Amino acid sequence: RVVLRRRHAYATKSNKIKVVKTPGGKLVVQYRKKNGTGTNCAGCSRSLPGIPHLRPKQYSRISKRQKHVNRVYGGNQCAQCVRERIVRAFMIEEQQNVKRVWKEKKA
């Protein structure tokens, strides 16, 4: 049996507690913080490796270096999606070149 420290008695997601025994043998309540979900890829919704899973406010307290990886679309898309995007752009460009060459040959 423990006494809650805050005046918020409802068992909500933001009011999780952990019961801890102090060195004096007394049971006290410690309030748990919510876990961060981390950043997901904009293309495939997978969790981005190399970026810590924090709560939104915590991201403002860490440096930019820790919020992204050193690549194009660093903190936004995973490597596979970026690769796919580059290849797609290249193929479209090639297709346009082939069409232009074909037109020149016919004329």
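**Side-chain contacts**

Guide: Apart from neighbours within four places in sequence, Gln77 is in contact (heavy atoms within 4.5 Å) with Cys41, Ala42, Gly43, Leu48, Arg71, Val82 and Arg85. This is a predicted model, where local features need pLDDT of at least 70, side-chain atom pairs count only at pLDDT 80 or more, and totals for chains, interfaces and linings use all residues. Residues are numbered from 1 along each chain as its sequence is written, and side-chain values use heavy atoms, with hydrogens and water left out.

Visitor: Where is Gln77 placed?

Guide: Gln77 is in the loop between α2 (64-67) and α3 (79-106); helices (H or I, at least four residues) and strands (E, at least two) are DSSP runs, numbered from the N terminus.

Visitor: And is Gln77 buried or exposed?

Guide: Gln77 counts as buried because its relative accessibility is 8%. Buried means under 20% relative accessible area, exposed over 50%, and partly exposed in between, with a 1.4 Å probe and protein chains only.

Visitor: Which residues make up the largest nonpolar core?

Guide: Seven residues: Cys41, Leu48, Ile51, Tyr59, Ile62, Cys78 and Cys81. A nonpolar core here is a set of buried Ala, Val, Leu, Ile, Met, Phe, Trp, Tyr and Cys residues joined through side-chain atoms within 4.5 Å.

Visitor: What does Tyr59 touch?

Guide: Not counting residues up to four places away in sequence, Tyr59 touches Gly38, Thr39, Ile51, Pro52, His53, Leu54 and Lys67.

Visitor: Switching to charges. How many salt bridges?

Guide: The count is one salt bridge, meaning a side-chain nitrogen of Lys or Arg within 4 Å of a carboxyl oxygen of Asp or Glu. Glu84 pairs with Arg88, and their closest N and O atoms are 3.4 Å apart.

Visitor: How are Glu84 and Arg88 separated in helix α3?

Guide: They are four residues apart in α3, so about one helical turn separates Glu84 from Arg88. Arg88 counts as partly exposed, at 46% relative accessibility.

Visitor: Which charges sit over rings?

Guide: Arg6 lies over the face of Tyr31, 3.9 Å from the ring centre. The charged end of Lys106 sits over the ring of Trp102, 5.5 Å from its centre. The rule requires NZ of Lys or CZ of Arg within 6 Å of the ring centre and within 35 degrees of the ring normal.

Visitor: Last one: which residues is Asn15 in contact with?

Guide: Leaving aside neighbours within four places in sequence, His8, Ala9, Tyr10 and Tyr31. Asn15 is buried, with a relative accessible area of 9%.
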